[in-house]
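Work through the exercises below with the model open. Try each task before reading its solution.

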Amino acid sequence: MQEFLAQKLPKEMSEAIRVGRELGKEGHEKWHGILNDQGWLAPNWPEEFGGCEWNAVQRHIFEEECCRAHAPRIIPFGLSMLAPVLQKFGSKEQQDHYLPRILSGEDWWCQGYSEPGAGSDLASLKTRAVREGDHYVVNGQKTWTTLGQYANWIFCLVRTDPDAKQQSGISFLLIDMDTPGIEVRPIILLDGTHEVNEVWFTDVKVPVENLVGEENMGWTYAKYLLTHERTNIAGVGFSRAGLDAVKHMARSQMHRGKPLTENPHFAARVARAEIDLMAMSTTNLRIISQAAAGQAPGVESSMLKVKGTEIRQEINDLARRAAGAYAMPFVSEALEGGNEPEVGPEGSAAVAPEYFNNRKLSIFGGSNEIQKNIIAKVKLGGGA
Amino acid sequence: MNFDLTDERQMLQDSLRRFLRDNQDKLRASTRLGTSDNELGFDAAIWGKLAELGVIGALFSEEDGGFAGAGFDLTTVFEELGRVGAVEPLLDTAILGGGLIAALGTEAQKELVEQVIAGDLHLALAHGEPNSRYDLAQVQTTAKTDGDGIVLNGRKAVVINAEAADYLLVSARETGDVGDEAGISLFLVPRDTAGLSLRGYALLAGGRAAEVDLENLRLSASARLGEAGGAYAALKRATVRAEVALAAETLGAMEAATELTREYLLTRQQFGRPIASFQALQHRMATLLIELEQARSAVINAAGHLDTSPNEQALQIAAARNLIGRAGRLVAEECVQLHGGIAMTEEYALAHIAKRIVMADHRFGDTDTQLERFIDHSAA
């Protein structure tokens, strides 16, 4: 793996990731292509669908090595969110059609789950799909659709039975983003990035063959998908790379005539984060080993999500502290890979935007409050 | 004890709060990321109105041509500015720039303070350097006497309001070593002086700043503010006043953040009820409100000690800024978290407010630096 990454990961790409620059659609597609040529784009897929069929430990090693080498992240929506659902619940036709297109990069998928009124309470979603002959007619609005501006397909949770109990009336639909009646509106985040979108549906006609599995069973599939979203949920590799970057910057920053790394207050903060990360790394491995042995993860994945994101956010906080006054400038061109150089030390342009952007880590994918509810419910029962 | 504002300060607070509320759309417009490119970084019309309202004059003593200028006048003004996340450079033009000219300037130089109070002049303090971090005495920029003039060379980092400033107050070392307090002078430099070049950029939390390069910049000796090599005490004093103001601004932003969050918890429905009804969230909100009152007291402590000994001042301001650094981060992060995704959007008011709170920790010394200063001054 190290050899592959050393040879095939383009230098300009790892440099961009190292200092926190955006890659853009082409960059991500290029990296997916390189991995696909190697046969490593889908570590989690069964071999029959063209994947590596690696177990949890093997996948973990791969993810760690990729992080260490500053490889771009694999965009998960098609590869690790939709694909497992299609492989388990999709028809043969759906599998044959969509899975190869995910590997080849022909399709870029996005996720249509959250709605303005359905965040933590996802099952209260209102986007409506009404069966009319051989089509569903979809009306409603999705939000927080990550990289929806690049996507040509969206997998959606829609309400097909408004009279059933909340979770029971939901279906899982695949929708072509080019269908008339779909509008993607950008949401600009607090760090100036365009990463998420609103997706509006007005009388959008979706062929019934785009239904995955059975009607009104979408919640079951979504829950299955959520367990797959939980792989690499602790983000240990990101944290380790982040901590290295903090130390690197702190060595070059002078505080009272000495490198910041020698300042006891700053060093103590870094040490605490590192101590937490060392334990997290082992917690992560323990849970991964159980998963590799075939045990389904329970509350443990919620624990990984909570603690893993807290550690990542703490490291983002350290990074902005390390940069001092040079955390303040906002040079969007430097972040987007334009010609404008950074103002402060290498990597400083991204530290504050990333600190703010990564507040999302404890909000998305089931907020940390929801994760704690899950842990409490399992451990304390109905009383929670 | 009576902690109420005096009648004058109450009137100042009321009129400023009303003005800021009535102009919130304009104020918001200049906080948007990207919109501050190729502009001043703030709204010039708002600036003029602030001067008219007497807000700038309230930051200066009568002796200096203003009408107030005490610690609690500063905190009254800046708390209000913080509540709306205003990016107008009152700290830079008035407290730092105007304050230093008032402290060090000749009668002729002090005429600039009148123009500042009238809203007709902008200033920027060009003091920090790429390697100085938060240490006031770390000055590498040099000032060398050359015939009857002075020649400056060096680089100044993250000079806020530099592009809008008519004059930059540039610090430079005339004698001594890089970390010495003695030997630092301040010079009044018109922005268009040959040898001075700016690389301007927007700031993540609003407003603009610049890297300032000084290359054989030639001045007459009359550009010096105060005694040769003797600017450190005044710099320290102006910075302490700026830190009191910044602490109050952050307090105001923390108030706004918690108010927005309280309203949101009461309005947002999930699982069929307002999320304010969940005890896990109630307790977190309660913690924020406790920390907010602690922050308010810390600001009062700092403002009330602005006229005490330098050591006592320094101790109190370090305490206030350390506490606000900790409480501010908690409030900013928790308010975003309690909202969820909506607070991550630039459009939602909390996003900008949260950035103001957190990024304030990057001026004049962060939470850890304040802790070090507190320990130093406690031992003194």
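**Exercise 1. Which domains does the domain assignment of chain A give?**

First, the ground rules. This is a predicted model, where local features need pLDDT of at least 70, side-chain atom pairs count only at pLDDT 80 or more, and totals for chains, interfaces and linings use all residues. Residues are numbered from 1 along each chain as its sequence is written, while chains are lettered from A and ligands numbered from 1 in the order in which they are written.

Step 1. Chain A has domain 1 (2–74), domain 2 (109–218) and domain 3 (233–379). Such bounds come from an automatic or database domain assignment.

Step 2. Take domain 1 and domain 2 of chain A: their C-alpha centres lie 29 Å apart.

**Exercise 2. Describe the contact of chain B with chain A.**

Step 1. Count residues: 35 come from chain B and 36 from chain A.

Step 2. Locate the elements. Several in chain B each supply at least two residues, including strand 3 (149–160), strand 6 (196–203) and helix 9 (310–339). Helices (H or I, at least four residues) and strands (E, at least two) are DSSP runs, numbered from the N terminus.

Step 3. Sort the chain B side: 16 nonpolar, 10 polar and nine charged.

Step 4. Look for strand pairing (at least two DSSP bridges between two strands). Strand 11 (residues 329–330) of chain A pairs with strand 6 of chain B, antiparallel, over two bridges. A:Pro329 stands opposite B:Leu203.

**Exercise 3. Which residues of helix 2 (residues 11–19) of chain A are buried?**

Step 1. They are A:Met13, A:Ala16 and A:Ile17. Buried means 20 or more other C-beta atoms, placed from the backbone, within 10 Å of a residue's own; exposed means 12 or fewer.

Step 2. Seen down the axis of helix 2 of chain A, the buried residues fall within an arc of 95°, so they line one face. The arc is that of the directions from the helix axis to the C-beta atoms.

Step 3. The face turned away carries exposed A:Lys11 and A:Glu12.

Step 4. The buried residues of helix 2 pack against helix 3 (24–38) of chain A.

Terms used
Contact = placed C-beta atoms within 7 Å. Nonpolar A, V, L, I, M, F, W, Y, C, P; charged D, E, K, R; others polar.
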